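Reader: Could you walk me through the ligand sites and some helix packing in this one? I'd like to go through it by question and answer.

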Amino acid sequence: MYEYDQYDQAMVDARVEEFRDQTRRRLAGELTEDQFKPLRLMNGLYLQLHAYMLRVAIPYGTLNSEQMKMLGHIARKYDRGYGHFTTRQNIQYNWIKLEDAPDILADLATVEMHAIQTSGNCIRNISSDQFAGAAADELTDPRPWAELLRQWSSFHPEFSYLPRKFKIAVIASDEDRAAMRLHDIGIQLVRNDAGELGAKFFVGGGMGRTPMIGPEIRDFVPADELIHYAEACLRVYNRYGRRDNKYKARIKILVHELGAEEYTRQVEEEFAHMKTLGLNPPVAELARITEFFQDPAYDSRARDELDLTDPDFRIWVEQNTHPHKQTGYAIANISLKPTGGIPGDASADQIDLMADLAKEYSFDELRVTHAQNIVLPHVKKSDLYALWQKLDEAGLAPPNLDLISDMIACPGLDYCSLANARSIPVAQKIGERFADIGRQKELGELKLKISGCINACGHHHAGHIGILGVDRKGVENYQLSLGGSGAEDVSLAKITGPGFDEDGIVDAVEKVTDVYLRDRTNGERFVDTYRRIGMAPFKEALYD
Amino acid sequence: MNLLTGNDLKTGDVIWWAGGQNWSLHVADAQDAGDEGEAILAREEKARRVNASYIVAAEMTDKGPMPLHIKERVRASGPTVRSDLAINTDIPIVGV
Ligand code: HEM
Ligand code: SF4
């Protein structure tokens, strides 16, 4: 894992002190809220429905046990005993006091964490594959590039006031576990025919009120020119992105309105110009960063055999572990989606436990996934049983990864001031309706995603089944959509028709899964069946 | 009736204007500000007794003053999915 050097630490520490002073001035009345608001937002402090909300960055979703412990400590000491892991691989606390915020940031800084650039029209936390460095199918570890991008984008003066927020994802496998194509810039590391490492660039993806899949604008950027190329993409956006209308300000609108071809032409022109300036980070810096992401000291004699006689353990292994590149190891997924629970929430005790388990079983490393779960990336197969038992005792072993109850849900009207409807109760009711794990497994991979408003924080556009909460004359109403995907088979979901009330939407979900069970052919997932048979049979079941 | 609400500057708690210089965590204590809302809020913001304040349309019910909009009712009750953290679970969220 990357460790701060003196510059990283000095930047973060200085920011804490600056914010301490700004907070003091706000509390003393020297700053008005209008003056203070942009300052607190630059430090991840929002004012939400019930209190201040703090969003803490977890760079590319990677953290160590000590950092995870700190997240638990903050939940316990300054919040109400829990935190919410988000689809952008961050964590949010819902009950922060302004007077505590500087102390929280100071605590975070002691473990090389902060909340900088978790809000505002800047480059946000870089997201990546939660299995990076561990997955059997990856070309290389994407995190050194994610880290390079993090350093480049931190306090980048040119990109601190973009037309709108900017999100970048980096992956290095054909399987897309990071919804890469739905980011402002999606980067996939690839090799060319000569075997050299480089990157494919996708620009202009996003969700929100105008969802778009990012088109590929370059099939190969040599690895050592990656930052330059990203910079060129941003420069064109910064120059021509719309600042007159917030709803048209994202890069996706620019790329769409110019056309991918013309946008690319302008980027290439800028790129050619930039190459003459020699601003690319020195190769030595990438080498320095890469050093931090070496493989841990795997036991080369670890064995692949696993005793699966315990049937509950077997179900968990089948559903929640993923192949590791190292013989004798597995990637273990901790589902934060218990039946009837709040997707992505974890208590301080659970956070502590996950930190301890990472220390004991996963070389001190954890990951946060965009599906709001936690990953222990490097677990010896012979340790899996002990790990599972400890997780299960703490309610952290729902064996439901990628099943219907492994939902993404945004905070919705229970916490969010922009919401039109509640998301969490809908998630809970669907979870309860499909509580039987046998039934869930029968339905197979099914990605259900819920947002409480058009901003789409809950990725509903990318759900095999998507649910969007809307306000219908002051009453919560839910629109159903089908056929989206945030993975390598990326697609945008389509609305089925008129919306449903809270109980109606649960019935509607059940009806569309019944259509799937009736019409599927061998081996088809829900989304495959939908793509084959189209919307009509689902509509018929819903509305006739 | 018009209620006044906002957040406590220091703690962020949702608060309701309860007359004069008083603010309460409980919507039941809220007072009707009539047409004086803007003026009261200007004064109270200046005194830093409230932050990010605004006027909320409400009606009198047998449970006391009740905001008309669901968002304000959730603010008055606390998260509906964590009754352990709620301020008042007695507030009807839907169907008033
Ligand atoms: C509670 C405070 C939150 C606020 C005020 C907020 C606000 C917004 C807004 C305004 C947008 C639309 C941006 C646009 O289209 O230009 C958005 C998009 C998004 N937010 Fe949130 N959000 C919040 C919480 C969350 C949470 C909890 C998550 C993760 C679970 C999240 C993840 C995202 C994602 C993934 C998108 C869509 C991707 C995109 O188009 O950028 N947000 N958010
Ligand atoms: S989708 Fe809407 S309701 Fe949900 S967190 Fe985002 S802004 Fe809030």
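Predicted model: local features only at pLDDT ≥ 70, side-chain atom pairs only at ≥ 80, totals over all residues.

Reader: Which protein residue is the donor to the iron atom of ligand 1?

Author: Donors are N, O and S atoms within 2.8 Å of the metal (3.2 Å for Na, K and Ca), and water is not among the atoms, so sites may look incomplete. The protein supplies a single donor here, an SG atom 2.2 Å from the iron. That residue is Cys457(A).

Reader: Where in chain A does Cys457(A) lie?

Author: Helices (H or I, at least four residues) and strands (E, at least two) are DSSP runs, numbered from the N terminus. Cys457(A) also belongs to the residues surrounding ligand 2, where surrounding means a heavy atom within 4 Å. Its place is the loop between β17 (448–451) and β18 (465–472).

Reader: How many charged residues are in the shell around ligand 1?

Author: Ala, Val, Leu, Ile, Met, Phe, Trp, Tyr, Cys and Pro count as nonpolar, Asp, Glu, Lys and Arg as charged, and the others, Gly among them, as polar. The shell around ligand 1 has 21 residues, with Lys165(A), Lys167(A) and Arg250(A) among the closest. They divide into seven nonpolar, eight polar and, for the charged class, six.

Reader: Which residue puts a polar backbone atom 3.1 Å from an oxygen atom of ligand 1?

Author: Polar contacts to the ligand are pairs of N or O atoms within 3.5 Å. Arg164(A) has a polar side-chain atom 3.4 Å from an oxygen atom of ligand 1, while the side chain of Lys165(A) has an N or O atom 3.3 Å from a ligand nitrogen. The backbone contact at 3.1 Å comes from Met207(A).

Reader: At what angle do α11 (residues 348–361) and α12 (residues 384–393) of chain A cross?

Author: Axes are lines fitted to C-alpha atoms, for helices over the stretch in contact (heavy atoms within 4.5 Å), and angles run from 0 to 180 degrees between N-to-C directions. The two axes come within 11 Å. The helices are roughly antiparallel, a label for angles over 145 degrees, and the crossing is roughly 175°.

Conventions
Residues numbered from 1 in each chain as written. Chains lettered and ligands numbered in written order. Heavy atoms only, no water. Parallel < 35°, antiparallel > 145°, perpendicular 65-115°, else oblique. Polar contact = N/O pair within 3.5 Å; in protein donor to acceptor, adjacent residues only side chain to side chain.
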